[in-house]
Amino acid sequence: MKGKILVTGGTGYIGSHTVVELQNAGYEVVIIDNLSNSDKNVLDGIERITGIRPAFVEADCTDMKALRNLFETHKGINGIINFAASKAVGESVQKPLLYYRNNLNTLVNLLELMPEFGTKGIVFSSSCTVYGEPDENPVTEKAPIKKATSPYGNTKQISEEIITDYVTSGAPIKSVILRYFNPVGAHPSAEIGELPNGVPQNLIPFLTQTAIGIRKELSVFGNDYNTPDGSCIRDFINVVDLAKAHVTAMERMLEDKSDDKVEIFNLGTGVGLSVLQLINAFESATGVKVPHKIVGRRAGDIEKVWANPEKANKVLGWTATTPIEDTMRSAWNWQKRLRERGIM
């Protein structure tokens, strides 16, 4: 084994795919998740793909006692990948205190325990939301951090500052901060994918649920933006490509491949697609129509943003390679698998 990695929020969407890639790369994984937006059955999918069932602790990372108990029980955690956070932009506008409590307290608890238990590094799940409405696209890591347009975005900015301040204070840890753009798709095996509880807050699960008839129609928030077709533009990155970047980042920290204590990387494809283009890509890849309608703009949404991933390509040696059509097919195959299992 290369080492023992704690994955917080590891039964969630990006977390579960990252657990698969970590185990495939030879790491031992411990998951902690409170299952607030995921399902314990995800562990079965991870096991079917990798042949290994990761250790699992059902607890909340804001619970310091439970977190300390995890470190004492699962001794020798070398690194942490932190996905434990509330993540819906719209919901954060409605419930800001929930987001500040959950996202910030989780991080502070993890950072506090790391030196005590000899944990070397933390990969932090950040977001392109820290750039706000960027001055220019594609966005590099040197782009200015803008005032957040939502409490969710603000928690990512504050979290990055907490990590940097703590490491700068002399804490004996390293961190890689990954600012990713819009993760989509599912594992090609259709054993794991995005499975939000209740009404999806993210575009693709709502799209696939509409395509299969669970939802009446997909709402496209605004067609009057300054973009070619009037809908918002994003950088949609395949979730497996994204997961692999976390493994590379962890290896970089544990093997001391950089002298920098904190490193920041944008993770994206470098290509911007509009919401309407994404719907067209799904329909083209699957042959399935998606009923949709144009509605008003949504609070907190940014007009257009896509990554310049050159730093990640060159320094991390990581590149997003999966074509959007393959990604859309994987999302549809996952939705069909859920239907086969009688889940939705």
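D256 is partly exposed, with a relative accessible area of 42%. Buried means under 20% relative accessible area, exposed over 50%, and partly exposed in between, using a 1.4 Å probe and protein chains only. D256 is not a glycine, yet its phi is positive, about 50°. This residue sits in the loop between α8 (239–254) and β11 (262–267). Helices (H or I, at least four residues) and strands (E, at least two) are DSSP runs, numbered from the N terminus.

This is a predicted model, in which local features need pLDDT of at least 70 and side-chain atom pairs count only at pLDDT 80 or more, while totals for chains, interfaces and linings use all residues. Residues are numbered from 1 along each chain as its sequence is written, and side-chain values use heavy atoms, with hydrogens and water left out.

## Other backbone features

L35 also is not a glycine and has a positive phi, about 60°. L35 belongs to the loop between β2 (28–33) and α2. A cis peptide bond, with omega about -5°, joins N137 and P138. P138 is in the loop between β5 and α6 (151–168).

## Helices α1 and α2

Two packed helices are described by the angle between their axes and the distance between the axes. For helix α1 (residues 13–24) and helix α2 (residues 42–50), the axes come within 10 Å and cross at roughly 30°. Axes are lines fitted to C-alpha atoms, for helices over the stretch in contact, and angles run from 0 to 180 degrees between N-to-C directions. α1 and α2 are therefore roughly parallel to each other; angles under 35 degrees count as roughly parallel, over 145 as roughly antiparallel, 65 to 115 as roughly perpendicular and the rest as oblique.

On the α1 side, S16, V19, V20, Q23 and N24 meet V42, I46, I49 and T50 of α2. The residues of this contact divide into 5 nonpolar, 4 polar and no charged. Contact means heavy atoms within 4.5 Å. Ala, Val, Leu, Ile, Met, Phe, Trp, Tyr, Cys and Pro count as nonpolar, Asp, Glu, Lys and Arg as charged, and the others, Gly among them, as polar.

## Helix α7

Helix α7 (residues 203–211) is mostly covered, with 8 of its 9 residues buried. These buried residues are I204, P205, F206, L207, T208, Q209, T210 and A211. They pack against β7 (182–184), β8 (218–221), α9 (275–286) and α11 (324–340). After α7 comes G213, whose phi is positive, near 100°.

## Aromatic pairs

Rings of Phe, Tyr and Trp (its six-membered ring) pair if their centres lie within 6.5 Å; planes under 30 degrees apart count as stacked, over 60 as edge-to-face and the rest as tilted. By this rule the count comes to 2 aromatic pairs. F71 and F117 form a tilted pair, 5.2 Å centre to centre with 35° between the planes. This pair links distant parts of the chain, 46 residues apart: F71 in helix α3 (residues 64–73) and F117 in the loop between α5 (96–116) and β5 (121–127). F71 counts as buried at 2% relative accessibility, whereas F117 counts as partly exposed at 23%.

The rings of F282 and W332 have their centres 5.7 Å apart and their planes at 90°, so this pair is edge-to-face. F282 in helix α9 and W332 in helix α11 are 50 residues apart, and the pair links distant parts of the chain. F282 is buried, with a relative accessible area of 0%, and W332 is buried, with 10%.
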